[in-house]
Amino acid sequence: MPEKKGCLGCSFPLVIGLVVVFLVLFILSFVAGPLGEGLLSVFGISLDFPSWLTVDRPDPHLPAETVFHLFGFPITNSVLGAWITIIFLVGVSYIVTRRMKLVPGRLQAAFEFLIGWVYDLCTSVAGEKNGRRFFPVVATIFLFVGFNAWLALLPGFGSITIHTAEGEAHLLRAANTDINMPLALALTSFVFVEFYGLRSLGFRYLGKFFNFGEFIKGVKLLFQGKVKDSIFGIFTGAITIFTGLLEGLSEFIRIISLTFRLFGNMTAGEILLLVVAFLIPWLFAIPFYGLELLIGFIQAIIFAGLTLIFLTVAIEAHGEETH
Amino acid sequence: MGGLASLGINLPTLIAQLINVAVLFGLLYLVAYKPIMRMLDERSRKIKESMDNTEHIKQQAERAEDEASKRIEAAAKEGQEAIARAVRTGEEVRQGAQQQAKSEAEALITRARSEIQRERDEAIDQLRQGFADITIEAAGKVIDRTLDKKTHRDIIDKVLKESTTLKKG
């Protein structure tokens, strides 16, 4: 069989044609953007491009814009973004699991692979029994954060504007870029961590935060006249109370760290894409879209993974301390 | 609170997002996790069952192979024995037939011999009879008188008898 000459599975003329088109588009977009405009103005050249060739100056708003009201409840564009993610995830899950087969088709195999991968992650960290218990929480966080980030890269998010009572507003926005959603996820994570901690260890779980035993023992020794021992006991008791309170505080700090990590990364990613698309419109943003795909996946793993670790620590670490 | 508001935190949206998370959790639990975990468990169970069955079948096949080789060995042994027995029987039959043929032949020869002996004796008797008559006649002619035939004959018979007895003996 004669060897086919070409590049990347295409014939040379096709590859050369594509490269030329790519370069022309790139040069055109560079010149049309403010970066190229600035560079040309140095040489005294001023070109007038049609409005559809240029991208508006980005004007990011941290608070989400209200799109409409439902029963007096404001529905923001980020809530709409969350709904789209929910509809997508539930719809795909329903289509896949509607007619499940023991020998799976392609779609079922892919979905099972994804879910099975998260399940394996849970069991490898928390063990077989606890991993199975934590899996729905971890998987929900992972799927939502990941798919919300990826779906927000589709055309329509951040580009469709509508007129509302408060003025011009974007119709859709990635839910992760509105701080309310990362906060809601962090609160969910917190609630499940405390729930499983209390469920596994009962009131002993609270002993991690309110540990007065040593202090009371020291005070008792003081009343018994053992001054030297009591001072030592009271001192270590005070330290134990302080570390307990710090432990309690760290539970709440987790909420803040989880919230701002996700919010910061996702918002920064969105602003980066807007800025890149503004500076050099069209093709230049493509590599950054790839980067955002990766960041979306990484943030999903980090959020879900940290929740899994907090859950595992909540039911195990304190148990070990009490031995 | 102004700082938080500038970040975009507001209670109604937070509640809406919490509800969204709860709804997503519930729906995914029903349409994704539950059926998929059931299917994964079912598949694990089937694979385990298949592996157990394979092991069982393998053991059965090994047992059957052992049994078959044992049977083949026994059959071969039996066959060898049957062949040896047949050869022995054949040999016995051959020897019996040979023996029978030999004894029949011997009996035939014996019978033939006794027949020959009997015919010879008869011939000798006839010859002797003829010879006596000729002798008497010859003697009568020599002495030119007729001997008492009866006496003469008795003498000759006696002589012949003695000579015959001698010959036979």
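Phe71(A) is exposed, having a relative accessible area of 83%, where exposed means over 50% relative accessible area, buried under 20% and partly exposed in between, with a 1.4 Å probe and protein chains only. This is a predicted model, in which local features need pLDDT of at least 70 and side-chain atom pairs count only at pLDDT 80 or more, while totals for chains, interfaces and linings use all residues. Residues are numbered from 1 along each chain as its sequence is written, chains are lettered from A and ligands numbered from 1 in the order in which they are written, and side-chain values use heavy atoms, with hydrogens and water left out.

- Phe71(A) lies in the loop between β1 (66–70) and β2 (73–76) of chain A; helices (H or I, at least four residues) and strands (E, at least two) are DSSP runs, numbered from the N terminus.
- The phi angle of Phe71(A) is near 50°, a positive value in a residue other than glycine. Most residues other than glycine have a negative phi.
- Phe71(A) also belongs to a nonpolar surface patch of about 830 Å², whose other members are Phe68(A), Leu70(A), Phe73(A), Leu11(B), Ile15(B), Ile19(B), Val23(B) and Leu27(B).
- Patches are made of residues with over 30% relative accessible area and no salt bridge, with nonpolar side chains (Val, Leu, Ile, Met, Phe, Trp, Tyr) joined within 5 Å and like charges within 9 Å; accessible areas come from the Shrake-Rupley method with a 1.4 Å probe, and for residues only the protein chains shown count as cover.
- The elements that give two or more residues to the nonpolar patch are β1 of chain A and α2 of chain B, and α2(B) gives the most, with 5 residues.

**The largest nonpolar core**

- The largest nonpolar core has 64 residues, and those with the most contacts inside it are Phe135(A) and Leu185(A); such a core is a set of buried Ala, Val, Leu, Ile, Met, Phe, Trp, Tyr and Cys residues joined through side-chain atoms within 4.5 Å.
- Two or more residues of this core come from each of α3 (77–98), α4 (106–151), α5 (180–201), α7 and α8 (286–322) of chain A, and likewise from α2 of chain B.
- The largest share of this core, 18 residues, is supplied by α4(A).
- In soluble globular proteins, nonpolar side chains tend to be buried together.

**Salt bridges**

- The count over all chains comes to 12 salt bridges, each being a side-chain nitrogen of Lys or Arg within 4 Å of a carboxyl oxygen of Asp or Glu.
- In chain A, Arg254(A) forms a salt bridge with Glu251(A), the closest N and O atoms being 3.2 Å apart, and both residues lie in helix α7 (residues 227–279), 3 residues apart, about one turn of the helix. Both partners are buried, Arg254(A) with a relative accessible area of 16% and Glu251(A) with one of 3%.
- In chain B, the side chains of Arg71(B) and Glu67(B) meet in a salt bridge at 3.8 Å, N to O, and both residues lie in helix α2 (residues 11–143), 4 residues apart, about one turn of the helix. Arg71(B) counts as exposed at 58% relative accessibility, whereas Glu67(B) counts as partly exposed at 42%.
- Glu115(B) forms a salt bridge with Arg118(B), with the closest N and O atoms 2.5 Å apart; being 3 residues apart in helix α2 of chain B, the two are separated by about one helical turn. Glu115(B) is partly exposed, with a relative accessible area of 34%, and Arg118(B) is partly exposed at 39%.
- Glu42(B), Arg45(B) and Glu49(B) are linked in a network of salt bridges.

**Negative surface patch**

- Glu55(B), Glu62(B), Glu65(B) and Asp66(B) form a negative surface patch, where Asp and Glu count as negative, Lys and Arg as positive, and His and the chain ends are not counted.
- Asp66(B) is placed in helix α2 of chain B and counts as partly exposed, at 47% relative accessibility.

**Separations along chain A**

- Leu39(A), found in helix α2 (residues 34–42) of chain A, counts as partly exposed at 48% relative accessibility. The C-alpha atoms of Leu39(A) and Ser93(A), 54 residues apart along the chain, are separated by 51 Å.
- Ala64(A) lies in the loop between α2 and β1 of chain A and is buried, with a relative accessible area of 17%. The C-alpha atoms of Ala64(A) and Ile75(A), 11 residues apart along the chain, are separated by 9.5 Å.

Note on methods: The place of a charge is taken as NZ of Lys, CZ of Arg, CG of Asp or CD of Glu.
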